[in-house]
Amino acid sequence: MAVSAAGLALPAGAAAARGSADAAPAAAAAAPVTAAAGSGVLQRRFADAAAEFGVPRSVLLALSYQQTRWESHHGEPSTTGNYNVMGLTRVDPAAVTRALAAGPGPEADLRGDDSPVRRAAPGVRVEDGPALHTLERAAELLHEPAERLRTEPLQSIRGAAALLVAYQREAGRPLSGDPAAWFAAVSRFSGSPAGQGGDDFADRVLGTVRAGASRVTSDGQVVTLSAAPAVAAAPPVAGRPAEPSAAPSTGPSAGTSTEQGGAGRKGPSNENAPGRVECPAGLGCDFRPAAYALTNASDPSSFGNYSVADRPADGQRIDRIVVHDTEGGFEGSIAAFRQPATQASAHYIVRSSDGHVTQLVSTGNVAWHAGNKTVNMHSIGIEHEGYAFPADKATWYSEQLYRSSASLTRYLADRFGVPLDRQHVIGHDDVPGPRQQDVPGMHWDPGTFWDWNHYMDLVGAPVRAGTGGPVVVGGTVTIAPAFDSGNTPPVDGAPARPENFVYLRTAPSATAPLIGGGTTRASDWRAKAVAGTGYVVADRRGDWTAIWYGV
């Protein structure tokens, strides 16, 4: 069903939204993706590659599921340069570093004060290393052009299998039919050191082998991994903390400025200095404190990058979780938050490659992440690694990032009583400007290709269009477009892809102007209604529903 408003002039403040998926309680649920002709092709490709390279088929299937949920993304990259069903990487760090140093470019008028990573440039860069070039290495092992691994699922699977075999042999271990015997190779595949995310990634892959999985991909491929509960977990690895969620910080107290060059000057008392990671058990988080240091010698109160507090004991309740993306690499983003001049911070940051979570600010303190002091006071900010868009036309976030973030959000919501819905789990683009003149400069992350439907499913609070009751003026509607090929509104400069929003128009016509002077630019949030958000109905004509929408 379409969302819109009929052919009459709308009252002030009303907007018409149109999309190919349902967005009102009366709408039927979006049709599920159905199996396409030749729907078993991808399943056979996994079996063929497993037989060719001697890697257990279950390991290849589980690894791909944890990387992409068996999606090819039509050869388009993730936000951190992963490609195809196996998430092989191809990143030019010099190009990314140049883009960061160049700043936000022509979109700055809509983004306002841009990301802390870009503001900290040119000191921030993306470090090169083998983890950024697994697609090229796999192509060399196969003696195939890299483009084939980028665009052809079979070659992506073969490339991943060849990498796993190489890692297994380089570790001096034999090929084996036992999935657990490939733990170290899978850990290395993540691109992260074993004790810093790689082993957590391998744990998830083996967990998928044991639990099994099945789904129909967005292009109609039916893929099934049968459960194998008898597969053993890998034995504990030396040096891995037994209880990662309680790991003490190795950094200095957040109340001192010695780390940031402050000559040891003591800042205001900080009862929430980092000491223990606040994280779900098993997620393997660490704590790398954001800067809390004097930034102006003539002003003893000028400490950044966050405000000392004692939430919620001091009366500042925590009632929202705000989703961000960094627009910079993981390490570069952390480096920016550890510079007091950045004047920005987040409570957590999630790495794309393996879902590793680093805490930067204790939840009791107020991180400066949302550009709105009131929202900052009552929220927790979670940054997500991503830096390729728009230069490389990224179209998706990694599955590891989604899963770790969702686990963290569930933990935080349970701990602080945050309702699990899209009114309380929001994007930076949902944060209002503190003053009317600030509205145009608010940020647009996590962007139009953040899959809110999938994220909220993982959180345990699925986005639903409604109960099937009538749409009435004065009632409410929920925007719930499917994140698939049925909802690909045009976005300038990007390939056709699933998007998380429907456009809002001034009249009930697909050719009517977008509201508020909005455009189809990815950064322009003025005329987009994003999945999971709810609105009051202003009018109803045919397949179009008018909603009250403030710009």
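**Close-up views of a predicted model**

**View 1. Helix H6 and its surroundings.** In this predicted model, helix H6 is followed by histidine 143, whose phi is positive, near 60°. Helix H6 itself spans residues 134–142, and its buried residues are Thr134, Leu135, Ala138, Ala139 and Leu142. Seen down the axis of H6, these buried residues fall within an arc of 135°, so they line one face of the helix. An α-helix has 3.6 residues a turn, so residues three or four places apart point the same way. The cover over the buried residues of H6 includes helix H1 (41–53), strand E2 (82–83) and strand E3 (88–89), together with helix H7 (146–151) and helix H8 (153–170).

**View 2. The disulfide between cysteine 279 and cysteine 285.** A search of the whole structure finds one disulfide, and it is formed by cysteine 279 and cysteine 285, whose sulfur atoms lie 1.7 Å apart. Both of these cysteines are buried. Leaving aside neighbours within four places in sequence, valine 357 is in contact with Cys279 and Cys285, and its other contacts include Leu283, Gly284, Asp286, Ser404 and Leu408.

**View 3. The nonpolar cores.** The largest nonpolar core has 55 residues, and those with the most contacts inside it are Val357, Leu408, Leu412, Trp450, Trp452 and Tyr455. Among the elements that give two or more residues to this core are strand E10 (320–323), strand E11 (348–350), strand E14 (379–384), helix H13 (399–416) and helix H14 (452–459). Helix H13 gives the most to this core, with seven residues. A second, separate core has 45 residues, including Ala62, Leu149, Tyr167 and Ala180. In soluble globular proteins, nonpolar side chains tend to be buried together.

View 4. Six strands form an open sheet with mixed pairing, in the order E6-E12-E11-E14-E10-E15. Its edge strands are strand E6 (286–287) and strand E15 (425–427), each of which pairs on one side only. Strand E11 and strand E12 (residues 357–359) run antiparallel and are joined by three bridges, and the bridge partner of isoleucine 349 in E12 is threonine 358. Helix H11 (residues 330–337) lies across E11, E12 and E14 and runs at about 165° to E11, while helix H13 lies across E10, E11, E12, E14 and E15 and runs at about 170° to E14.

Conventions: Residues numbered from 1 in each chain as written. Predicted model: local features only at pLDDT ≥ 70, side-chain atom pairs only at ≥ 80, totals over all residues. Heavy atoms only, no water. Disulfide = S-S within 2.5 Å. Buried < 20%, exposed > 50% of the residue type's maximum accessible area, 1.4 Å probe, protein only. Helix = DSSP H or I, 4+ residues; strand = E, 2+ residues; numbered from the N terminus. Arc of directions from axis to C-beta. Contact = heavy atoms within 4.5 Å. Core = buried A, V, L, I, M, F, W, Y, C linked by side-chain atoms within 4.5 Å. Pairing = 2+ DSSP bridges. Axes fitted to C-alpha atoms, helices over the stretch in contact; angles between N-to-C directions.
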